[in-house]
Structure formats: C-alpha cells, structure tokens
Amino acid sequence: MGSKQEITQPLNFVIDNNVLKGAEKNINVQTKTIGKSLLKIFSDNPNHVGQIEAETGKQTRYSEMRENSIRCARWLQKQGINHEDVVTICTPNQLDAYIPCIATFLVGAVYNPWHHETTLPMARHLINLTRPKFIFACDNSIKILKEAAILERLHDIHFVVFGKYLNFVSLRDIMRLQSNKEVLEFEPRLIENPDTPAMILFSSGTTGMPKGVTHSYQTLFTNLENFKLLSIKNCVSLWYSSLYWISGTLCMLQTILACATRVVHANFDPEETCKVIEKYNVNWFFIPPSLITYWCKSNVLSKYKMQSLKSLMTGGAKLSKEIIVSLKRDLQPHVQFSQGYGMTEIGGIASIQSQSCQSIESVGFVTPNMQIKIIDIDTAEILGPNQQGELCIKTPTVMIGYYKNAAATKEAIDEQGWIHTGDKAYFSNIGEIFIVDRLKEVMKFRGHHVSPSEIEQVLNAHDGVIEAAVVPVPHELDLERPMAFVKKVPGSKVTEEELIQLSSTLGETKKLWGGVVFVDELPYTASGKLSRKDLKEMAKRCIVN
C-alpha cells in the first residue's frame, strides 16, 4: 500500500506504506516532575476519597495520601537519597502501597517494584541487578529479601517494613518521625534532565530471568498522558495487578491524576469480585485474561447484574474467542469490553479496541504516538495486510534500555528505533491488529510450524477446562511434539483421551502427540503470564518419568 489511507474511527491513524501510524499528539511536560502533579491534585481535592479497602470499607482521602507521601519522602531525603538511588517496593495490593511509590517520585529517585512472592534465587538476581538503597517490603517477603542482601554482600541497604516485623523499622514509624513543619515546607525535587531514570520495571521473564526495563521521567509522564485513553476520570476503579506490573503502577498513578476512586481488593475471587463491584459501584475494571477465563468458567456472572460497571478491559495475553463470546453473553449490555496490546518496554498501550473494530478477537487499532509494522521473520521486509510476521513498534515512550544490559537492549531495539516485540501478528485491511503467538513458542513438528495458542484456544473452549497451556517436548523423530498441561473445572470428568481427540480436529500436525497432564495449578511468572520455562521443565520431567 503505497499511499496514505485515512481510517475514520475514534483513534485516528493512517496506514503509510504498510506502517500503522497513530495520530501525533504533542505532550508538553510543564512541571518537570510527576511528583508536583500528584501533590497539586491532592491539594486541590483534599476531601476526595482516593481509595477504599474492599474488605473493611476503610477510606483514604487525598489530604491523607498527600501527607503520608510527603512524610515518607522527607525521611528518604534525610537518608541522603539522590536521583541515582533505587527504591524498591515489594508488596501486594494494600492501602499503604502507594506511599513509598509516590515518595520516590517526590524525591526524584528511581522507582523499582518487585513481586511480593519472590523466591530467594530470584531475589538474589534482582537485588544484585538493581542494588537498591532502600527496600520497602511486606512482612511475608522481608526475611527473604534481607537474606538475599546478605548473600550478595550488600550491607548498606535500608529496609522498611509495611506493618510490623521483628526488628525492622516500619513505614508508619518513619512517617511519624517527620514534623508537621517539615511536611508544610516540603517541595518535590525538580527533574532538570527529563531523560533521568524514573523507574525500573521487570520484563515478564516467561523464558528466563526478568530484565530491568528502564523508563525516564519524560516517558513516564508521556505514558500517563497516553493512559487517559482508558477513560478512568472520576470513575470508581478496580484492578488486581500489583505495583510489580506496569498496569498496576500506571493504573495507580492515573487514578490519582484523574481524581478517580480505587477499590483495593486483595485477591480475586469470581463471586467475591462480583459482590465488590456491586457494593462499591465499580465503573471501570481491568482484569488479566487468565482471571477472565476463571471468571467465565465459574458460572457466576449471570447471577449478578453489576449495573454500575461500564468498562471492562483486559490485556497481557491472548484471550480465546470462546471466552470472549461467553463473557459478552453473560455481561450486561451496558458493559463495554475491550482488549489492548502493550509492553513494559514501551511503557503502556500500543493498540486498543474501539467501537469501529470489526472483530472481537483483535487487540484494536494503533494508539496516538505509536507506529506499528509487521515484518517478515527471515528478511525483515515490511508486510502488508493479512500477512503474519513479527510485530515491531516505534514510539517516543520506548524504554531507555534494559538496566545494565546493553547487549539485550541492542537486540530488542534496532538502529531505526523499532522495538522487536517477539510477537507473531498481522493487521487487517482496515488496520485492525491481531496477535497470533509468541515467536519463540512456535514449535516444529515433522517440518511443520505449530502454534501453541491455536491448540490452547480449542482446549480452553471445553466446558471442563479452566485453562490449558501447550508446550513442546523433544522427540527423536518428530523433533518436537505438543503436550498440554490442563487445569480442570472442579468436578469435571474430562479425560486425556477426550482432549487429545479434540486437538486432532485441528489436523494431525496439531494433535497432542505429547499427551495431556492434569495439574491443580499452572505456573505463572510474577508478572502474571504463564511461565513457559517452568512448563517446559515440567514436560521434560514427565517424559523422563
């Protein structure tokens, strides 16, 4: 397609020589710091309820959130923090999680969230990579983190615990040490260089150890502006992503900037979540695909009207057509469901569904300030509509790079500034984008390329299956055979033979020649994605046994 083609739909873009180009949107960073923007919102709306704890109904107003954040920031200042210091936060979703996060931005340091269920080997890897000066941790993780620091001989780390734990100083203790005068006179640190690192997030780690994705204060602010696409302003919002996920961090910050209210519900449960939505009149709900599948298969949606809910969003993995159809059938007509596509490396959303989408299976159209192209895997030639290849993205919000990993950065971002996502995808004639699979996960069976997600979708459509994951197992003659790990619906009588027969409907090359293994739980990475690395190890052990 040599000429530009205008697409008439809410998120304007053009297709220029097979490159999907989102509308160019000028974002002027006036305050030089996200911290100043947050304090202004708090000060302008002191009585606004910023968050509600679902279990207890406890409310936190903006005036309290402002004071708490400043008290923590003043303590950090007294410890001599500077713009190069890393502040790690390791906690599940809870009422005080925002405090050290916002405090870090107020003092202009580097924000670094970890998953609260980290193992000792993972903690050693992460602590050695980022070498934080401060770690704010929940009581369930602080012992492991302290042990990791000792083993890595990092003895100058300050530990602060949420709540109380043994001899560790608590967050509430350090906040009480700051005087009212110090709170009143506090000024956030201005960021003179917008390219200063603002946060180190972690890649999904589905095939290896996570890499540190570094974003600047400029890209953080710009991504928060782009995040307004999600229409969260003045909403009552709910999500289960912790700060470790980029969605959790951006949702938390954007909810504050949009003067919305967040409902903090610790753990997803199909029925309890419905009750929380109804009790607190939740309007906006972000939920990952794995939980949507669980929600639908639990048969609870039809029992609740959830009249307040207006928008339900998902992203992070491919959702099967059958689950989408089931979800749309069970949700009330007033709920708008949409999928998006994003990456930690680009700091946000590259595409999102709109009312102009023709397919429920797509991830929508390219968003403003994003460019997307599909390239041939072997030749890097730019492909046209309905041709499958690797999805590449160019955006001013791309990461600075992988933290202390120049080689991985060079491999991910080419000389023209395109980030290679590793996702197999294509776009339709109108520019609607479809994700096929992870390129690294495509297996080879007797010379044929087999997509695990295609088999997974067929298995997940079975009424007796909550979730299925397909991985290759080595074979002397066939090279790789597909094997499925399956989590059954409680009480289901589905058998291995039944699922193998079901997979054979896709053809002999996609039949589950490696068999089916039923498991109580599938392994996930800390970022909420299926751990393909762990699944492949499980598959190898099954062959040996």
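What covers the buried residues of helix α15 includes α14 (452–460), β27 (465–475), β28 (479–488) and β29 (516–518). Helices here are DSSP runs of H or I with at least four residues, strands are runs of E with at least two, and both are numbered from the N terminus. The model is a predicted one, where local features need pLDDT of at least 70 and side-chain atom pairs count only at pLDDT 80 or more, while totals for chains, interfaces and linings use all residues. Residues are numbered from 1 along each chain as its sequence is written, and side-chain values use heavy atoms, with hydrogens and water left out.

Back to α15, which spans residues 496–503: L499, I500 and S503 are buried (buried means under 20% relative accessible area, exposed over 50%, and partly exposed in between, with a 1.4 Å probe and protein chains only). Seen down the axis of α15, these buried residues fall within an arc of 100 degrees, so they line one face of the helix; the arc is taken from the directions from the helix axis to the C-beta atoms. On the other side of α15 sit E497 and Q501, both exposed.

Helix α4 can be read in the same way. Its buried residues are A123, L126, I127, L129 and T130, and down the axis of α4 they fall within an arc of 160 degrees, so they too line one face. The cover over them includes β6 (86–90), β7 (110–114), β8 (134–137), α5 (142–151), β11 (197–202) and β12 (212–216).

Next, the nonpolar cores, each a set of buried Ala, Val, Leu, Ile, Met, Phe, Trp, Tyr and Cys residues joined through side-chain atoms within 4.5 Å. The largest core has 62 residues, and F105, F136, L171, L220, I256 and W284 touch the most other members. Apart from that core lies another, of 32 residues, with I52, F285, L312 and L319 among them. As for L220, leaving aside its neighbours within four places in sequence, it is in contact (heavy atoms within 4.5 Å) with I34, F105, A198, M199, L250 and L253.

On a 1 Å grid over the protein atoms alone, a cavity is a set of points where a 1.4 Å probe fits but cannot get out, a pocket is an open set with protein on both sides within 12 Å along at least five of seven lines, and lining residues have an atom within 4 Å of a point. The second largest pocket has a volume of about 1200 Å³, a volume being the space filled by probe spheres set on the grid points. Of its 39 lining residues, H115, E117, Y524, T525 and A526 are the closest to the centre. The elements giving two or more residues to this lining are α4 (120–130), α11 (289–297), β27 and α16 (532–544).

W245 lies in the loop between β13 (236–239) and α9 (246–257), and at 17% relative accessibility W245 counts as buried.

Finally, the structure holds two cavities of 30 Å³ or more. The largest cavity, about 50 Å³ in volume, is lined by G50, Q51, M65, M252, T255, I256 and R262. Helix α9 gives the largest share of that lining, three residues.
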